[in-house]
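Thanks for coming, everyone. Let me put the structure up, and then we'll walk through it piece by piece.

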Number of protein chains: 2
Amino acid sequence: MHKRFGHDKTGLETRFDAQRIAFAPIVFQATRLLRSTGLLEAVEGRGAEGMTAAEAATETGLSSYAATVLLECGLSADLVAYDNGKFVITTLGAFIRRDEMTAVNMEFIHEVCYLGMHKLEDALKLGEPAGLRVFGEWKTVYEALAHLPENAKSAWLRFDHFYSDAAFPAASRIVLERQPKTMLDIGCNTGKWASLCLARSPELCASLVDLPNQLEMAMQNLREKGLGDRAVPCPVDVLDPHAELPSGFDAVWMSQFLVCFSEDEVRTILRRAGRALRPGGRLWILDTFWDTQRFDAAAYCLINTSPYFTAIANGNSRMYRAEDILALAREEGLALQTTHERLGIYHSLLELAPG
Amino acid sequence: MHKRFGHDKTGLETRFDAQRIAFAPIVFQATRLLRSTGLLEAVEGRGAEGMTAAEAATETGLSSYAATVLLECGLSADLVAYDNGKFVITTLGAFIRRDEMTAVNMEFIHEVCYLGMHKLEDALKLGEPAGLRVFGEWKTVYEALAHLPENAKSAWLRFDHFYSDAAFPAASRIVLERQPKTMLDIGCNTGKWASLCLARSPELCASLVDLPNQLEMAMQNLREKGLGDRAVPCPVDVLDPHAELPSGFDAVWMSQFLVCFSEDEVRTILRRAGRALRPGGRLWILDTFWDTQRFDAAAYCLINTSPYFTAIANGNSRMYRAEDILALAREEGLALQTTHERLGIYHSLLELAPG
């Protein structure tokens with residue numbers, strides 16, 4: 001693998017980078033507010049001429065004090081420059097003001113992760129999502145989701161959807177190219193994937209695996225689209241290692257599913273998923289692996305989502321490398337056929353078969 | 001002023017920098033734990049050969065999962081590199097493991113600021129330290145200090161002392177060079193400055209201004225050093241703009257004092273401080289101004305301490321520029337004589353006189 005993330009640094013740069021990390025939570029909060037209060041927009045509106053903190057305060061309805069504190073933080077983080085008493089937008093400031101992915105990430109971190117991340121140490125030592133207690137007494141974020149405060153819930157859903165759905169169209173073309181007649185959709189969630197495949201492939205039948213409540217919602221969605229007669233609900237708790245899956249499928253599918261489980265759990269899921277295939281069938285795993293990313297920024301986002309799984313989601317899973325999953329698959333007698341790279345945002349599709 | 005903080009960036013770098021800010025709280029917490037759990041130390045101990053996550057787990061007593069999550073975050077933040085299954089320390093990782101200032105800053109941010117910073121928006125809009133409520137119902141951190149949890153209190157004191165004391169020896173040489181016979185020490189705190197000057201200058205008499213409780217502690221400290229007979233306590237609440245100060249002093253002194261007050265409050269303090277001087281006397285202001293720093297990293301730390309004043313300390317002060325203070329001083333008829341630069345860590349000493 002090429003060298004990621006680092007580059008040679010001077011002593012001064014090293015010192016500065018250390019302080020960037022030390023004050024990171026402050027810069028995060030200030031940046032979020034520079035965006036949400038409209039300060040970045042106001043400053044950008046003045047172009048190269050820029051504006052004083054007092055003018056920015058008037059335009060945004062903030063106090064002059066508040067505008068000064070935030071704009072100076074923005075200066076330190078290179079979101080604005082400062083020249084002759086005036087703040088001027090930078091490339092980074094303009095990007096952060098506009099970029100949807102940055103906004104989705106920041107709101108997810110602020111609303112869902114920020115407070116609980118203070119308990120990361122407990123979570124790592126206990127193997128429990130100790131930060132989830134910020135919201136109440138639940139074992140996993142999945143149980144808690146419906147009960148989260150509105151801001152946290154919508155930030156969670158927006159983050160989840162932003163990354164999960166974009167890869168489905170391209171992935172379905174690849175999977176359906178092999179003309180499967182039967183598909184097992186493990187962790188079917190809202191039924192979105194099954195719905196796409198059933199609509200595109202009129203001879204396909206899909207069996208959906210999830211917890212009962214989730215299955216009901218998925219089946220309801222499929223019925224509304226007139227696809228319910230080719231879908232079979234299979235209520236299985238895959239966390240129970242003795243709960244077998246139905247078998248004989250041309251295709252077994254898992255999308256952003258293994259990321260929710262510990263390595264030991266992933267191993268038992270792969271074992272049973274492999275047994276669910278008929279001879280010649282394929283196991284398809286769509287996920288966001290940090291080691292298959294072309295850009296460091298993408299790997300950075302994925303890696304730093306792992307502590308969310310630790311402190312908030314479940315206490316024992318993480319954003320895996322494709323190599324982590326493939327090593328576990330090999331132990332369970334599953335061999336990689338092809339890796340389909342760069343579907344949607346950040347996704348890779350692993351194609352495996354027993355052998 | 002030279003251009004601070006920014007440099008020209010490619011589109012990819014801009015994207016990455018935006019995500020660095022979006023995930024900043026995660027990287028902060030992971031870095032803190034990489035240091036405190038001993039992972040950085042373990043990895044550094046293996047030098048260029050490096051070690052696997054499993055080996056690092058064994059050596060630190062963490063689970064393999066915990067070591068993997070933290071080391072991968074460390075990889076993304078360039079604290080460790082990853083090569084052939086092994087993690088190897090980087091220059092930045094080794095620096096963060098050792099550097100005392102980074103440790104002092106990180107613990108201050110984690111223990112004192114982190115949780116309250118979630119309320120930065122409320123604090124800015126209300127002009128109140130809304131984040132202080134994390135610890136209880138107080139109006140300022142100064143009232144709260146004695147009641148903070150032990151970790152928070154010791155992190156606060158360590159941060160405060162790390163920056164405040166280092167400049168005193170050099171500053172006292174400059175101030176005493178003018179051979180003042182009388183000095184007014186506004187915001188005398190524990191009496192450390194007065195003690196230093198009285199010990200070094202046997203003919204000096206000092207009048208100490210602070211709140212009564214604080215004054216008692218300062219006088220006690222001076223008496224223990226045999227300096228109490230040349231010190232006069234003057235209990236004054238400088239926040240009351242009608243509370244006059246004693247007058248006729250050769251030197252009026254304020255060290256890291258104005259940073260605790262809003263601009264309007266600073267103005268009334270400077271007005272009364274100027275009136276306390278005898279003709280030919282000097283007003284001395286020792287503080288950490290971000291615009292007089294030689295290094296961007298120093299300005300960065302100072303600027304990003306401002307939101308601590310907003311959200312935790314008092315809701316209305318900030319780390320000022322020397323130019324902010326000098327502009328207010330000019331309005332109050334005080335003119336800069338000399339700026340003495342780079343005393344201790346980050347400090348400048350402003351020498352002013354009526355004129």
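Start where the chains meet. The contact takes 80 residues from chain A and 80 residues from chain B. Keep in mind that this is a predicted model. About 7,500 Å² is buried between chain A and chain B, and carbon and sulfur atoms give 73% of that area. What about charges across the contact? The count of salt bridges between chain A and chain B is zero. Polar contacts are there, though: 17 residue pairs between chain A and chain B, both residues at pLDDT 80 or more. Which elements give two or more residues to the chain A side? They are α1 (11-22), α2 (24-36), α5 (64-76), α6 (91-98), α7 (100-113), α8 (120-126), α15 (296-303) and α16 (306-313) of chain A.

Now the symmetry. Chain A can be laid on chain B with an RMSD of 0.1 Å.

Seven strands form an open sheet here. The order is β5-β4-β3-β6-β7-β9-β8 (chain A), and the pairing is mixed. Where does the sheet end? The edge strands are β5 (231-235) and β8 (334-343) of chain A, and each pairs on one side only. Neighbouring strands are turned by 20 degrees against each other on average, direction ignored.

Zoom in on one pair. Strand β3 (residues 182-186) and strand β6 (residues 249-255) of chain A run parallel, over three bridges. Which residue in β6(A) is the bridge partner of A:D185? That is A:W253. Helix α13 (residues 212-224) of chain A packs on this sheet. The helix touches β4 (205-210) and β5 of chain A, and its direction makes about 150 degrees with that of β4(A). Then there is helix α17 (residues 322-331) of chain A, lying across β7 (277-287), β8 and β9 (347-354) of chain A. Its angle to β9(A) is about 10 degrees.

Over to chain B. Its open sheet also has seven strands, in the order β5-β4-β3-β6-β7-β9-β8 (chain B), with mixed pairing. The edges are β5 (231-235) and β8 (334-343) of chain B, each pairing on one side only. From one strand to the next, the twist averages 20 degrees. At one end, β8(B) pairs with strand β9 (residues 347-354) of chain B. Parallel or antiparallel? Antiparallel, over seven bridges. In that pair, B:A335 stands opposite B:A353 in β9(B).

Helices cover this sheet too. Helix α13 (residues 212-224) of chain B lies across β4 and β5 of chain B, at about 150 degrees to β4(B).

Strands β1 (residues 80-83) and β2 (residues 86-89) of chain B pair in the antiparallel sense over four bridges. B:V80 has B:I89 as its bridge partner in β2(B). Together β1(B) and β2(B) make a hairpin, with two residues between them. In the turn, B:N84 has a positive phi of about 55 degrees.

Last, back to charges. Over all chains, the count comes to 39 salt bridges. One of them joins A:E49 and A:K86, with the closest N and O atoms 3.6 Å apart. This pair links distant parts of the chain, 37 residues apart. A:E49 sits in the loop between α3 (39-45) and α4 (53-60) of chain A, and A:K86 sits in strand β2 (residues 86-89) of chain A.

How values were computed. Residues numbered from 1 in each chain as written. Chains lettered and ligands numbered in written order. Predicted model: local features only at pLDDT ≥ 70, side-chain atom pairs only at ≥ 80, totals over all residues. Heavy atoms only, no water. Least-squares fit on C-alpha atoms with pLDDT ≥ 70 in both. Pairing = 2+ DSSP bridges. Axes fitted to C-alpha atoms, helices over the stretch in contact; angles between N-to-C directions. Contact = heavy atoms within 4.5 Å. Buried area = accessible area lost by both parts, 1.4 Å probe. Salt bridge = Lys/Arg side-chain N within 4 Å of Asp/Glu carboxyl O. Polar contact = N/O pair within 3.5 Å; in protein donor to acceptor, adjacent residues only side chain to side chain.
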